[in-house]
Amino acid sequence: MAEIEHEGCRLHYNVGGDGPPVVWIQGVGVHGEAWRPQIDVIALRYHCLSFDNRGLARSQPMGRTPSVERMGADAIALMDAEGWTSAHLVGHSLGGLVAQHVALTARARVQSLSLICTFANGRTAAPLTPWMFWVGMRTRIGTRAMRRRAFLKLVMAPEVIAASDCDELAAQLAPRFGHDLADQPPIVERQLAAMRAYNAEPRLAELEGISTLVVSGAYDPIAPPAAGRALSAAIPAARYIEIANASHGLPIQFPDRLNPLLLEQFTRDEAPVTR
């Protein structure tokens, strides 16, 4: 575990493993340790850096207001702290937007992109259908058990919920998310605002030549597969994979499916790395 000071925030991060560098960028309201199902496997072959986004968990104080641009600068600052000239970038949800921004503004720092359960335009996230409005409200009102169960509906596929004891499942997932699923960290609204303010769509063609993998969950209500397909189609030569029975919590629910895809992605046209 380590910390650096950057733009008023003590960014907390973990580094482990050996091999070419990989930077793991999380989404809204989730700490860096949510990548543990990936890092425990991939750190056997790669040097992995995960971190808490500014204002979340141990990256305190918030410092300057979060934006996708600022979170991209945070990721680059962490690479600089480790002496990494480039790395594979993996981003989930909001973290996918951050990874896209780094690739668009600091192309030489990016060996490959893996964009998981994400989109190019933050305004397309969590389309406000009647179902989404109802479930979103239920994550904020009612008993704690009711709020946990509503949150599960946003991140787990229906058949997983139907086959699970929701109270037990919520308890199991809390350490991965870094908080009780009945609660949302205070930074969430600012992260959501940052997400909605960012749109990479007009520039995606500029990512030509960067090996890119886009992975969606078939039941994801936050980053619908249509958004993943559109993202992949707009990036020249990007690969698109859709995981059946998966939702927004795909990296936690299906590491056995995601991890091999990531390892394959990292080894495609891998260049020598200076660390």
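Residues are numbered from 1 along each chain as its sequence is written, and side-chain values use heavy atoms, with hydrogens and water left out. Because the model is predicted, local features need pLDDT of at least 70 and side-chain atom pairs count only at pLDDT 80 or more, while totals for chains, interfaces and linings use all residues.

## Largest pocket

Rolling a probe the size of a water molecule over the atoms shows where empty space is left. On a 1 Å grid over the protein atoms alone, a pocket is an open set of points where a 1.4 Å probe fits, with protein on both sides within 12 Å along at least five of seven lines. Its volume is the space filled by probe spheres set on the points, which are joined across faces, edges and corners. The largest pocket holds about 870 Å³ of space. Its lining, meaning residues with an atom within 4 Å of a point, comprises 35 residues, and Val28, Ala126, Leu154, Leu192 and Ile222 lie nearest the centre.

By class, the lining divides into 19 nonpolar, 12 polar and 4 charged residues. Here Ala, Val, Leu, Ile, Met, Phe, Trp, Tyr, Cys and Pro count as nonpolar, Asp, Glu, Lys and Arg as charged, and the others, Gly among them, as polar. At least two lining residues come from each of helix 4 (130–138), helix 5 (144–155), helix 8 (188–196) and helix 10 (250–253). Helix 8 gives the most, with 5 residues. Helices (H or I, at least four residues) and strands (E, at least two) are DSSP runs, numbered from the N terminus.

Strand 7 (residues 211–217) is largely enclosed by the rest of the structure, because 7 of its 7 residues are buried. Buried means under 20% relative accessible area, exposed over 50%, and partly exposed in between (1.4 Å probe, protein chains only). Ser211, Leu213, Val215 and Gly217 cover one side, and Thr212, Val214 and Ser216 the other; all are buried.

Two strands pair if DSSP finds at least two bridges between them. Strand 6 (residues 110–116) pairs with strand 7 in the parallel sense over 5 bridges, and serine 112 has serine 211 of strand 7 as its bridge partner. Strand 7 also runs parallel to strand 8 (residues 239–243), joined to it by 5 bridges; glycine 217 is partnered there by isoleucine 243. From strand 7 the chain passes through helix 9 (residues 225–234) to strand 8 in a right-handed β-α-β crossover. Right-handed denotes a clockwise path from the first strand over the helix to the second, with the strands pointing away from the viewer.

## Cysteines and backbone features

A disulfide is a pair of cysteine sulfur atoms within 2.5 Å, and the count is 0. The sulfur of cysteine 117 is 19 Å from the closest cysteine sulfur, in cysteine 48, too far for a bond. Cysteine 166 is likewise in no disulfide, the nearest cysteine sulfur, that of cysteine 117, being 20 Å away.

| Residue | Relative accessible area | Class |
|---|---|---|
| Cysteine 117 | 0% | buried |
| Cysteine 166 | 16% | buried |
| Alanine 126 | 30% | partly exposed |

Most residues other than glycine have a negative phi, and most peptide bonds are trans. Cysteine 117 has a positive phi near 50°, and alanine 126 one of about 45°. A cis peptide bond, with omega about -5°, joins glutamine 60 and proline 61; proline 61 is in the loop between strand 4 (47–51) and helix 2 (68–81).
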